[in-house]
Amino acid sequence: MSMSLSLLRIFSSPHLSTSLFFPTPTLSSLCPSFLSKLPNAPSPLIVLCHRDASASKQGHLGVPEGAERDSGSEEDDDAVEQPMRASYDDDEDEEEGALSSLVFPERWDVLGLGQAMVDFSGMVDDNFLKNLGLEKGTRKVVNHEERGRVLQAMDGCSYKAAAGGSLSNTLVALARLGSRSEKVPAINVAMTGSVGSDLLGGFYREKLRRANVQFLSAPIKDGTTGTVIVLTTPDAQRTMLAYQGTSSTVNYDASLANAVSKTNILVVEGYLFELPDTIKTITKACEKARSNGALVAITASDVSCIERHFDDFWEIIGNCVDLVFANGNEARALCNFEAKESAASAARYLSHFVPLVSVTDGPTGSYIGVKGEAVYIPPSPCVPVDTCGAGDAYASGILYGLLRGISDLRSIGSLAAKVAATVVGQQGTRLRISDAVKLAESFEFQLDSSSVGTDHNISSV
């Protein structure tokens with residue numbers, strides 16, 4: 001199917017035409033409330049119209065200087081005092097911090113709701129895992145004692161400390177891509193979650209601030225910030241140990257409600273579904289965002305998480321979500337498909353319930369699902385170095401394209417693929433500042449030359 005149009009609109013209501021694309025009059029007549037919240041976005045703009053509910057499916061840490069130790073946070077004292085050699089995950093943060101501002105905008109372009117965890121990443125050998133009784137390549141939730149045992153075993157090792165998490169990777173990349181230039185305004189990005197009033201909580205907040213992502217949630221008094229130890233063996237397999245601490249509780253309070261009411265896009269991290277009672281917070285946040293005219297996006301995050309909380313995922317997706325980010329395996333899990341089913345099939349299926357679906361499929365490319373069809377996006381050439389964080393980077397590209405008003409789905413997908421390829425071609429999960437600047441400059445040319453009459457070809461794979 002191929003059509004030319006003056007403006008792309010993605011419809012979700014089952015009562016509307018089944019045609020995916022057709023000409024439309026003016027942007028303001030389509031979705032004035034959404035447009036008014038993106039005053040600086042160029043026209044034409046993709047408008048994701050909210051779905052109809054009837055479509056629902058049945059050591060030494062790199063702690064900032066001057067940070068004070070919280071006397072009520074003794075749990076983290078042994079971790080902080082381990083004589084390990086830590087480094088920041090991105091030295092460019094120091095330079096970027098000068099650009100950040102504590103003057104908050106009236107509205108956020110994107111607000112993330114996710115797990116706020118500090119990552120400790122280090123290289124180990126197979127014997128290290130064997131001696132600790134750890135199964136290589138798994139992700140395990142550990143208690144304070146288990147975490148201390150692993151950190152003690154890492155004594156003397158080199159590792160990196162970072163404000164980690166899949167969602168924070170996406171938000172940092174988006175903020176870096178969306179830095180202010182002569183042609184376009186900055187994209188305002190923020191995050192909410194749960195951190196303690198300990199050193200690690202201050203470290204997390206400061207690292208995000210230096211990346212121009214404002215962390216809006218107040219620290220929980222006497223709370224302990226969650227950590228993830230990422231142990232990478234020479235075969236590039238990662239074994240992750242998550243200590244949730246305060247991060248295991250995300251309450252829907254006045255601060256979160258206020259932040260959600262002032263955003264244009266709310267992005268919910270799928271890992272939150274693992275936490276006790278968090279589904280209530282997710283539901284309230286999504287409903288609040290929708291009632292204030294925001295779009296709601298969700299990251300699938302992890303296959304096992306989806307399998308354990310399948311009904312909860314679909315309760316949110318079926319009633320609140322406008323945009324889903326997933327890889328092929330996660331998309332198949334959401335569809336309850338067998339492994340033999342293609343990523344394209346999963347993207348098509350999910351798009352019957354969600355206006356826009358982003359499904360990455362590794363080196364073979366990706367798909368954007370819309371109204372029961374799948375737009376194929378070829379991979380961007382690169383020499384793979386580290387695939388971790390590729391999906392997070394891809395999601396930032398999709399969000400960037402939407403916020404910058406690119407009207408062609410293939411162009412948005414190609415843009416996202418370039419961001420992902422850039423991260424895959426480096427060591428580490430974060431899009432570097434220098435790379436973000438280069439990408440944004442090339443995208444600005446695309447914004448200038450983007451044609452409203454582009455043909456949109458839907459794949460039949």
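Which residue caps the N-terminal end of H6? Keep that in mind as you open the model, which is a predicted one.

**Stop one: helix H6**

Select asparagine 143 together with glutamate 145. Asparagine 143 is the cap of H6's N-terminal end, with a side-chain oxygen 3.1 Å from the backbone nitrogen of glutamate 145. Now extend your selection to the helix itself, residues 144–153. Colour His144, Arg147, Gly148, Val150 and Leu151, and you have buried residues of H6. Turn the view so that you look down the helix axis: the buried residues fall within an arc of 165°, so they line one face of H6. On the other side of the helix, pick out Glu145 and Gln152, which are both exposed.

**Stop two: a charge over a ring**

Next, show the side chains of arginine 139 and tyrosine 271. The arginine lies over the face of the tyrosine, 4.8 Å from the ring centre.

**Stop three: aromatic pairs**

There are eight aromatic pairs to look for in this structure. For one of them, select tyrosine 204 and phenylalanine 215: their arrangement is edge-to-face, with 5.6 Å from centre to centre and 75° between the planes. Tyrosine 204 belongs to helix H8 (residues 199–210) and phenylalanine 215 to strand S9 (residues 213–215), so this pair ties together parts that are eleven residues apart in sequence.

Key: Residues are numbered from 1 along each chain as its sequence is written. This is a predicted model: local features need pLDDT of at least 70, side-chain atom pairs count only at pLDDT 80 or more; totals for chains, interfaces and linings use all residues. Side-chain values use heavy atoms; hydrogens and water are left out. Rings of Phe, Tyr and Trp (its six-membered ring) pair if their centres lie within 6.5 Å; planes under 30 degrees apart count as stacked, over 60 as edge-to-face and the rest as tilted. Helices (H or I, at least four residues) and strands (E, at least two) are DSSP runs, numbered from the N terminus. A charge sits over a ring if NZ of Lys or CZ of Arg is within 6 Å of the ring centre and within 35 degrees of the ring normal. Buried means under 20% relative accessible area, exposed over 50%, partly exposed in between (1.4 Å probe, protein chains only). The arc is that of the directions from the helix axis to the C-beta atoms. A polar contact is a pair of N or O atoms within 3.5 Å; within protein, one must be able to donate a hydrogen and the other to accept it, and residues adjacent in sequence count only if both atoms are side-chain atoms.
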